[in-house]
Each structure stands twice: as C-alpha cells, then as structure tokens.
Amino acid sequence: MGWETWIITTFSRSLAYGTPLLLGTLGEIYAERSGVLNLGVEGMMIMGAYSAFTTAYIIGNPWLGILVAAVVGGAFSLIHAFASVTLKANQVVSGLSLTMLGLGLSGMFGRGWEGKPLPVSIPKITVSGLSKIPFLGPILFEGQNLIVYLAIILVPLLWYILYRTRIGITIRSVGESPATADSLGINVDRVRYVCVFIGGVLAGVAGGYLSVAYRPAWTEGMTAGIGWIVIALTIFAFWNPAYGMLGAYLFAALYHLSYRLQPWVSPEFLKAMPYAFAILVLIFVSRGTLQKRMGAPAALSLPYTRGED
Amino acid sequence: MKRRVGFKVERRPVASGRVVFFVSLLAILAALVVAGIFFRIYGVSPIRAYQLILSGSLGSRFGLAETVRRAIPLLLCGVGLTIAFRALFWNIGAEGQLLIGAVAAAGVALFSGLPGPLLLPAMFICGFIGGAAWGLIPAILKVMLGLNDVITTLMMNYIAIYFVEWLIHGPWKGPTARGFAYSDTFPRAAWLPTLFGTRIHWPTLVLGLVLAVVMYIFVTRTRSGFEIRVIGENPDAARFAGISQLKTTLLVMFISGGFAGLAGVGEIAGIHMRLLGPTNISMGYGYTAIIVAWLARRNPLAVIVTSLLFGVIMAGGDVIKVSLGLPFQLINVFNGLILFFLIGSEILLRYKISFLLRR
Amino acid sequence: MDNSEGYAIELRGIVKRFPGVVANDGIDFKVYRGEIHCLLGENGAGKTTLMRVLYGLYRPEEGKIILNGQPVHMTSPRAALNHHVGMVHQHFRLVPTLSVEENIVLGLDEGTGPFVNFRKTREKISSIANEYGLSIDLQTKVWQLTVGQQQRVEILKALYREVDILIMDEPTSVLTPQEVDQLFTTLRTLVDDGLTIIFITHKLDEVMRVSDRVTVLRKGKVVSTLPTAKTDKPNLARLMVGREVIFRLKKSPIRRREKILEVNDLHALNDRGLPALLGVSFNLFGGETLGVAGVSGNGQYELAEVLTGLRKSTKGKVFLAKKEVTNCSAREMNDLKVAHIPAERIRMGIVPALSIRENLILKKYRRSPFSYREFLNNKEIEENARRAMSDYQIAAPSYETPAKLLSGGNIQKVVLARELSENPSLIVAVHPTYGLDIGATEQVRKILLAQRERGAATLLISEDLEEIMTMSDRILVIFNGEVMGILDAESADIGEIGLMMAGTRHKGEEL
C-alpha cells in the first residue's frame with residue numbers, strides 16, 4: 001500500500017475508532033471536573049451498546065437505538081450519582097459495582113442476540129464535494145458517519161462551555177473547592193448530578209455507536225475495556241476537552257497501528273501505552289505548580305458535606 | 001436529631017457488630033431480590049435459578065469442590081486487601097498483582113532449571129515478590145508524589161494484562177491451539193497437587209487459611225498492625241503519635257500485592273499448569289476480592305467466610321451457564337448488586353432510623 | 001429613643017446560641033453610614049458570630065436587624081447581598097485554580113443566562129479597581145496571587161456586587177505591614193465614596209489607626225461603644241479583657257528547679273507558608289508553669305507544634321535539658337519524655353474508633369513492657385488501662401469502649417493519662433480545658449498542677465486569660481509571632497496583658 005493511502009487509512013480509522021473514546025472522555029471530563037470519579041463508564045458503555053443494538057433491531061431505527069443508549073447510560077449514571085453525591089458512599093466502589101452490573105446485565109440479556117446481523121445501521125456518509133479535498137477529504141468525508149461529526153462538534157462546544165461560560169465556572173469551582181462554591185450559594189449536589197448525568201449519557205452514546213455504527217453487531221463484552229481507556233484518557237487530557245480530542249484520536253491510532261507495526265513493535269506494548277501514559281501524566285503534574293495548573297480537580301472523589309471542611 | 005412524622009433519624013456514634021452483620025445481610029438479600037427481578041425479566045424463575053445455583057455449588061461433591069477452588073484466590077487476594085484497606089490504601093490493582101505473580105511463577109517453572117522439589121517453593125516465593133513489587137510501585141508513587149492510589153493501581157492492571165499477552169504471544173509462546181495462545185506446559189514438578197480428583201490445589205488453600213489467621217493476629221496483636229489501624233482510623237492522630245505514613249503504606253502494599261501474587265501462583269500452578277491469556281487466569285478475581293474484603297469489613301478471618309460466599313456465586317455461575325445457557329458474565333450481576341447495596345447500606349450504619357409508634 | 005436616622009446598620013437585642021454557649025447575649029450595635037467601625041474583642045467574644053448574623057450565615061434566636069431604618073430578615077448570604085451587605089471572611093472564599101475574573105463572577109446571577117459577557121465584566125471590574133486603587137490582573141489564577149492580592153480580589157468581589165456595607169473579618173492577620181498600609185488606604189477611599197465598613201479585629205494599633213468608632217465585646221456582650229478619638233489603647237485593653245477579680249486556684253508556691261527548656265530565636269512558618277514565629281526566645285524551668293497568652297492565630301499553635309516535633313522550624317534552636325532537640329521528630333520528642341496535650345483532642349489526640357485501652361498506649365506501644373519485639377503485650381496494656389482509668393477517674397463502661405463514645409472531659413482525661421503517665425519533664429498543653437464543663441475543667445487543672453508539684457515544666461497555651469492567670473507562674477504574651485513580654489503572674493496587671501496581646505511590647509524588665 002502506498003504511503004499516502006496508508007496514512008489516510010490510518011487517520012480515517014483513527015477517527016472512526018476514536019469517536020467512542022472521545023465521547024466517553026468528554027463525558028468523564030465533565031463528571032470529574034465536578035468532583036465525581038465515575039469508574040462505571042465501562043458498564044454504561046456496554047449497556048449503551050446492548051440497548052442501542054436491540055432497539056435498532058426491534059424497531060428498525062438505529063437513531064432511536066442511539067437515543068435509548070443515551071437514556072440507559074444516563075439512568076445508570078444517576079444511580080452512581082445517587083450513591084456518590086446523596087449517600088456520600090465511596091465513589092470508587094460505586095463506580096466499580098456499576099461496571100460489574102453493566103457487564104453482567106448486558107451479558108445476561110445479550111445472550112440471544114449474538115450473531116444477529118443488524119439490518120439497519122447508522123449509514124456511512126460520503127460528502128462528494130468535500131471528499132475531493134486532498135488528504136483531509138478522504139479522511140473526514142468518506143465513510144464516516146454523523147456520530148463522528150457529532151463528537152467532533154462537541155469538542156469546541158464543551159470546551160467553550162467549560163472555560164468560557166458561567167456554567168463552566170460553576171462546574172470547575174464545585175470540583176476544586178465545593179466548600180467555597182457552597183458558601184456562594186451554589187448547589188453543589190445538583191451540579192454534580194448534572195455532570196455525572198452528562199457523563200453517563202455520553203458513555204451510553206459511545207457504546208451505542210460501537211454496536212450500531214462502527215461495527216454493527218452485538219457481542220458479549222464488546223466494549224473490551226474502552227471504558228478503562230477513557231479513564232486513562234481523561235487524565236491524559238488534563239481534564240481539558242481539547243486535549244481529550246487529541247488523546248482519543250492518538251490512542252485510537254495506536255490501537256489501529258498495533259497490528260500494522262507488529263514487525264517493529266509488539267501490539268501489546270502499544271495497547272498498554274494509554275495506561276502507562278496516564279501514569280506518566282500524573283507523575284508529571286504532581287509537582288506543585290503544575291498540579292494547580294493542569295492537575296486533577298482538587299476535590300475529585302471526595303464526598304462533600306456542608307460544615308465538614 | 002431530626003424528627004419526622006412516624007420515625008426519627010439520628011446519628012449513630014458506633015455501629016455494633018450485630019448491626020453491621022444485619023445490615024450486611026440486608027444488603028445481600030436486597031441484591032438477591034433485585035437479581036431475582038432480572039431473572040424474571042429474562043424469563044427464568046428466580047427460585048429455579050437460585051435452586052440451581054445452590055444445588056450446583058453446594059449440593060454435589062463436584063460443586064463443592066468448584067466452590068472451594070474459586071474461593072482460594074479470593075481468599076488470598078481478599079486477606080491482602082483487608083490489610084491495604086485498613087490503611088486506607090485503595091488497592092484496585094489486585095488483578096494485576098495476581099497476574100504478575102503468575103508470570104513470576106511461570107518464569108521460574110519454565111526457565112529456572114531448578115531441581116524438582118525446589119520448584120514449587122521457589123515459584124511461590126517469586127510469585128509473592130512479583131506481586132509485591134507490582135503493588136509497591138503505586139505505593140511509592142503515592143508516598144513520594146501523592147499520586148492517587150485508585151488510578152495508579154487500576155492502570156497497572158491493564159499494563160499487567162498486556163504484559164501477559166505479550167509474553168504468551170511473543171517470547172514465551174508455546175503451542176497454539178485453535179487461536180488461543182499459551183506458554184509451554186510446566187514440568188510436572190511445578191504442578192500443585194490437588195485434592196482427590198477435584199481442582200482444589202490444597203497447598204494454596206492451606207496457605208490462604210494460614211495467612212488469614214496470621215494476618216488477623218498481625219492486625220490485632222502486633223505493633224505494625226496497630227500502626228496500620230491508627231493510620232486507617234485517624235491519620236492526624238497517627239502523625240501526632242509519630243507513626244510513619246511512608247513505612248506503613250509500603251508495608252501494606254508489600255503484603256497486599258504479595259498475597260495477590262500468591263493467588264496468581266496458585267492459579268497457574270494449580271489449575272492451568274501454563275501461562276494463559278490474562279482473562280483465563282483470572283476471571284476478575286482481583287475485583288471480586290474487593291467485594292470479599294469489603295463484606296468481611298476488613299477482618300482477615302471473616303474473609304474465609306466471604307470468599308466462600310463468592311466462591312458459591314462463581315461456581316453457581318458455571319452451573320447456570322451449563323443448565324440455563326446464560327453466560328458466565330452474569331455472576332457480575334450478583335457481584336455488582338451486592339457491592340452496590342453494601343456501600344449503599346452503609347448509610348444505615350451511620351444513621352439510625354427508629355420508628356415511633358406514637359406520633 | 002428609637003431614632004434610627006443616620007444609622008446604616010442597627011442590630012437590636014441579638015441573641016445567638018450554640019450548644020453549650022451563648023455567643024451573642026442581647027447585643028445592641030449601631031453603625032453610622034460612612035464610618036469605619038471596629039469590632040474589638042478576644043476570641044470567643046462573639047464578634048465573628050455577630051457579623052455572621054448580619055451577613056445571613058446565622059439566624060439569631062432573638063433580635064432585629066435594621067438597615068437604613070428598615071427591618072430586614074437576613075436568611076442567607078444571598079439575602080445579605082441583595083441588601084448590599086458584603087463580607088470578606090478571614091479565610092478567603094476563593095477557588096485557587098480559577099482566574100480573578102472567574103472568581104468575581106462565581107455564583108452571581110446576572111440574568112444573562114449561562115453566558116458571561118466577559119468584556120462587560122472586565123470593564124466593570126476595571127472601573128471599580130481604578131476607582132479604589134485596587135488594580136490587579138484579571139486573568140491571573142488566584143493561586144498565583146499573594147495573600148494581599150487575594151484579599152483585594154475578595155474586596156472586588158463585594159464591590160462588584162454593589163455593596164454599601166462591607167464587613168471585614170480580621171483582614172490583617174495574613175498581611176505584611178506594607179499590605180496593611182495599602183488596605184487601610186483602600187478602606188479610607190471606600191468610605192470617602194460612601195461605603196460603611198465594619199472591621200473585626202483584636203489589634204489595638206489598627207483600631208486606633210483606622211477606625212472612627214469602636215465597639216468592644218466581651219463574652220457575648222457589648223462592653224462599650226466609643227468614638228476612637230476619645231479613647232486610647234490602655235483603656236481599650238482594659239475593656240477588652242475585663243476588670244473583675246480573678247479567682248486564683250490554690251497553688252503551692254513555686255519551687256523552681258533546673259532549666260528544662262531553652263528556646264532561642266525560634267522561627268517557623270505556618271501551613272500557608274507565611275511566618276508564624278519570628279524569633280521567639282524564652283526559658284522554662286522544672287516545677288513552673290509558663291502560660292502563653294495571646295489571641296488565636298498569633299503563633300501559639302505553631303510554637304506548640306515545633307516544640308513537640310510536629311513542625312519544622314526554619315531558624316533558631318531548642319534545648320531540652322541542655323540537649324539540642326531542634327527539629328527532632330514527633331517520635332523522638334515523645335521518647336524524650338515531652339508530653340503534648342493537643343488543642344484538638346478529637347482530631348489529633350485520640351483515635352476515635354479504637355478503644356480506651358488502645359488509645360492509652362498510642363505513644364508508648366513500642367516500648368516494653370507494652371510490646372516485645374513485634375508483638376503487643378495485651379496483658380500489660382490492659383493492666384495499664386485499668387490503672388489509668390482509676391487514677392484519672394475516667395468514666396466509661398470498660399477499657400474496651402471506643403474512645404469516641406466518651407464525653408469531652410473523659411476524652412481529655414484519656415489524653416492526660418496517656419501523656420502524663422511516663423512522668424514527662426516537659427508538658428506542652430494547648431487549650432486543655434476548652435469545651436469542658438466546670439467539673440472536668442477543675443479535674444484537668446488539678447492534674448496539671450500536680451504535675452507542676454512533681455517538678456515538670458509546663459507550657460500552658462490558652463485563650464482563656466483567666467486560666468492563664470490562675471495556673472501560671474509566669475506569663476508570656478505572644479503577638480504576631482513575637483514575644484511581647486514575660487511577666488510574673490502574681491503581680492501581672494490584666495490590663496497590661498491585654499495591651500500586650502493586642503500588640504504593645506512590654507517596656508519593663510523581661511523575666
């Protein structure tokens with residue numbers, strides 16, 4: 001394969017595979033920015049994948065499937081929010097339990113659905129005019145689908161909201177210093193619920209994308225750890241949607257290349273990269289000022305109770 | 001003290017052992033009820049499902065053996081986790097530590113060239129060291145740089161998983177059968193003896209039971225155990241008393257990682273006799289052990305009981321797979337629900353709700 | 001007379017109770033429009049509580065708030081802001097990772113929905129900043145600012161919300177002298193523009209420098225309200241600490257023994273990295289109690305922490321019985337028989353979930369006979385617990401009872417039993433009777449005096465002047481991290497002590 005074709009294919013595939021990573025990461029960024037660690041992403045994604053597939057199959061409309069996936073993901077996340085924010089339970093354990101539950105439920109109910117072909121899936125789009133642009137054309141405008149574009153559009157939107165609007169300031173204050181936010185009249189619990197919900201919805205959509213657009217099929221455990229990469233990606237992105245986009249496509253590229261580069265680098269090494277990168281990033285920002293500039297929200301994973309600061 | 005119509009809610013200063021037991025029981029029952037609902041939705045009678053599970057895992061000699069076999073790694077990992085959790089180190093990485101322990105043992109079995117009788121002891125020792133080392137890395141990162149223990153241990157899990165994948169597809173690749181990769185089979189001397197035709201590799205079981213007792217004594221009667229308890233209950237007072245957070249953190253992860261490593265040794269030397277794909281070695285033992293340790297309320301002796309409980313669930317999962325055609329994954333429904341209700345019910349440990357008969 | 005004209009603020013008959021204490025006991029407080037009014041008092045006098053009532057953080061049990069002649073209900077800080085009352089707290093309410101302008105805008109509902117018109121915001125902030133000389137770079141993140149600049153942001157926050165009344169709670173406690181000057185200039189400018197300022201402080205210098213009138217609070221009541229021009233520091237000091245005769249506990253005459261503690265030019269930083277101790281020097285002898293008097297936040301806690309190994313000093317030396325112990329660890333100080341009765345007994349002094357028996361050996365579990373090699377000797381530990389519970393009359397069902405179930409007095413007795421059981425040569429006691437009822441207080445004081453008889457050197461740090469005066473042989477007054485003077489307790493004049501606590505150096509001989 002010529003060099004040019006090779007690069008184009010790589011980028012194009014990275015865009016496709018990076019989309020669920022990106023969607024999940026954007027959601028998790030919002031959740032963590034408000035101070036809640038959501039380790040249930042994997043569970044929400046797979047439930048999204050399952051519900052999207054079955055809905056699309058039964059009703060015959062893949063978009064409805066995506067919608068249902070969003071709702072399912074959101075519902076799961078509300079359970080997590082209830083445990084973490086209202087009951088002030090251990091967020092790590094709550095998230096893990098929801099992942100287990102999601103994997104178990106989707107495995108259980110998905111039993112009869114394996115191998116069924118999906119007659120209607122999200123259509124691939126080729127924009128005839130734009131796809132002629134050299135390089136970018138074939139990458140962006142040939143064979144992608146609306147959800148890919150949706151994810152791309154969400155990035156500047158969510159970035160803008162987080163950094164340039166009142167809502168974003170509120171979210172960031174809740175995640176950094178909930179006591180201060182509370183004393184200024186902000187409803188910390190409500191902000192956290194909303195952010196966790198956003199995370200759940202996007203995780204659901206990401207899962208739905210996998211089963212209804214990327215490779216329309218259902219297999220037990222088909223998310224294969226994407227949820228955990230999302231957790232790593234959120235850190236790698238320094239909790240910033242823009243870097244999240246870079247990271248998502250980068251990790252997708254690594255995954256895609258992991259088999260192509262096999263003669264030179266072992267695929268397992270490349271697949272382990274996201275996780276190792278995340279640790280390296282954490283080490284990098286652990287020094288004083290960097291922590292404040294780019295580190296995790298200070299109140300991440302700490303339940304907030306008024307008067308207990 | 002808030003007064004509401006019909007019942008009053010007050011803060012409970014200390015939850016007695018009895019209360020803790022009943023609340024835990026309540027959580028398990030709630031989980032079973034909800035799981036039952038899911039069975040019903042799926043179209044299977046919950047009663048039938050539970051009957052199958054219980055008879056399958058406890059009702060036959062084979063079932064009982066499978067239950068115990070599943071419980072062994074849960075026991076070892078679980079005991080280690082109780083120690084880590086007591087010092088407030090959230091070790092989510094038992095899965096990875098187990099795998100590295102397995103790798104170390106496999107390395108010894110396949111390449112060390114040690115004479116027969118030395119092989120198994122060497123494997124256990126190296127497995128412990130491997131798991132301990134894997135656990136010490138996040139501990140060092142936390143102590144020196146303040147890195148979040150949950151994230152680092154979690155990430156290390158996946159690095160371990162891909163490490164094992166690399167080994168069995170690469171340098172340690174043995175014969176492949178039908179697309180599955182695994183290493184060469186271990187020499188006979190590296191096989192753990194099992195109990196009368198079951199898959200219970202009893203030396204690991206004995207090791208687990210002994211360590212549970214030893215750790216109980218450790219926590220309640222030694223100086224280091226005392227220090228761990230103080231740090232876990234009140235880090236400020238620990239500092240005040242001059243207890244070194246650094247040393248204690250390293251110690252607990254040495255133990256916790258090491259025990260998970262031992263579980264890994266048990267699995268590959270007792271069950272598989274070769275290094276396999278990571279999801280074949282551990283079906284989430286490291287994660288399930290978190291629930292085991294949590295339910296045991298961080299008491300190493302109680303882990304003996306709770307690991308058995310989850311052994312029943314896992315063996316039951318096998319049964320259901322065969323007789324109802326449901327995937328093994330479904331045990332995660334139980335695990336997830338039990339864990340969720342456990343932590344959700346903790347609010348009942350902090351607050352007491354008493355009902356007023358008179359208004 | 002019920003004429004409220006000219007008063008910007010009038011508080012009538014404010015009563016605010018907390019469990020066990022009446023913080024504000026029927027306070028009448030009036031502030032003219034356009035004045036700087038200082039609220040002066042020691043800790044626990046009720047100043048902050050009163051202002052929090054005004055700001056809507058607390059609801060008073062009784063009393064009325066009248067602003068500009070209209071009675072109002074302050075239900076929350078939002079309500080206060082609606083009435084144009086703003087407060088700059090002692091501990092800033094800022095989010096460090098957000099920028100200045102983001103912090104100013106935080107929590108504000110400007111009716112523009114989710115979007116912030118940053119251009120308009122910046123214009124408004126800049127014009128306010130220029131008007132009052134409070135310039136600051138709006139894009140900087142708050143953590144990058146100095147404390148003085150952060151305070152400026154807090155003031156800008158209030159001004160942005162168009163307050164007429166500004167309450168400042170101990171604003172100079174974190175500022176350098178230059179920053180204090182700047183602040184006072186700013187306050188004068190604000191007042192010239194028509195704002196009314198209430199200034200909570202315990203520092204007499206500031207009262208004299210910046211205020212028009214001053215109200216002195218003591219133990220929840222108003223002692224006096226005076227125009228500043230008509231009073232002076234000694235007068236204010238006397239009003240602040242009170243004139244009543246102090247009942248002195250029966251104390252045996254002092255038998256001073258050899259020097260146990262020598263502190264030379266000690267410097268240390270506090271948790272925020274600011275200087276807390278600035279060259280503290282003193283000696284302490286066996287058999288005597290040196291009371292450290294001072295308003296909270298002037299370095300006493302840091303002094304206690306340095307002396308017990310919980311905080312590093314940056315300069316200076318500490319000698320314990322001629323041996324240098326500067327910057328020894330907590331464990332080392334513990335091994336050298338230094339007892340520490342901490343200020344926060346529940347947070348630091350005990351492990352609440354562990355039993356009394358275990359708490360009693362919290363510091364000596366490594367020594368025999370309580371442990372042999374690695375193993376704890378439970379029999380000895382139980383015996384120790386039995387003895388301690390009877391010696392110190394700790395009331396509890398058994399020594400297995402978790403410490404958190406004990407009453408405050410009993411918890412303190414556990415702490416004392418543990419700390420004092422090894423016959424320490426130096427006892428550092430911080431607020432030992434804080435929050436205890438009369439009976440427990442008596443017992444604790446008796447125990448400490450018994451130690452004094454035995455020959456221990458005691459450093460008693462307390463905000464309760466009465467306690468200091470009754471228990472001490474000598475009194476050291478600390479202010480802003482420096483020693484203002486050391487007096488003999490018998491002959492000390494309480495007004496003089498008050499003066500020193502509020503910033504005046506003692507001009508007589510040092511003891």
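The model shown here and in the following views is a predicted one. Chain B contains 15 helices together with three strands, and 56% of its 359 residues are buried.

**Overall dimensions of chain B.** Along the principal axes, the C-alpha atoms of chain B occupy a box of roughly 75 × 60 × 30 Å. The radius of gyration of chain B is 22 Å, which agrees with the value near 21 Å that would belong to a compact globule, because such a globule is judged here for a chain of 359 residues.

**Helix α4 of chain B and the residue that follows.** Helix α4 of chain B covers residues 94–111, and its end C-alpha atoms lie 25 Å apart, in agreement with the 26 Å that its 18 residues should span at 1.5 Å a residue. Of these 18 residues of α4(B), 15 are buried, so the helix is largely enclosed by the rest of the structure; a residue counts as buried when 20 or more other C-beta atoms lie within 10 Å of its own. Just after α4(B) comes B:Gly113, whose phi is positive, at about 70°.

**The side of chain B that touches chain A.** In this view 40 residues of chain B are in contact with 38 residues of chain A. At least two residues of this side of chain B are supplied by each of α1 (17–42), α5 (116–145), α6 (149–169), α12 (285–295), α14 (331–344) and α15 (346–350) of chain B, and the largest share, 11 residues, comes from α6(B). Divided by class, the side of chain B that touches chain A holds 28 nonpolar, 10 polar and two charged residues.

**The contact between chain C and chain B.** Chain C brings 26 residues to this contact, and chain B brings 17 residues. On the side of chain C that touches chain B, two or more residues are given by α10 (330–335), by α11 (345–349) and by β18 (375–376) of chain C. The residues of this side of chain C comprise 15 nonpolar, five polar and six charged.

Key: Residues are numbered from 1 along each chain as its sequence is written. Chains are lettered from A and ligands numbered from 1 in the order in which they are written. This is a predicted model: local features need pLDDT of at least 70, side-chain atom pairs count only at pLDDT 80 or more; totals for chains, interfaces and linings use all residues. Two residues are in contact if their C-beta atoms, placed from the backbone, lie within 7 Å. Helices (H or I, at least four residues) and strands (E, at least two) are DSSP runs, numbered from the N terminus. Ala, Val, Leu, Ile, Met, Phe, Trp, Tyr, Cys and Pro count as nonpolar, Asp, Glu, Lys and Arg as charged, and the others, Gly among them, as polar. The radius of gyration is taken over C-alpha atoms; the globule rule is 2.2 Å times the number of residues to the power 0.38. A residue is buried if 20 or more other C-beta atoms lie within 10 Å of its own, exposed if 12 or fewer, and partly exposed in between; C-beta atoms are placed from the backbone. The expected span of a helix is 1.5 Å times one less than its number of residues.
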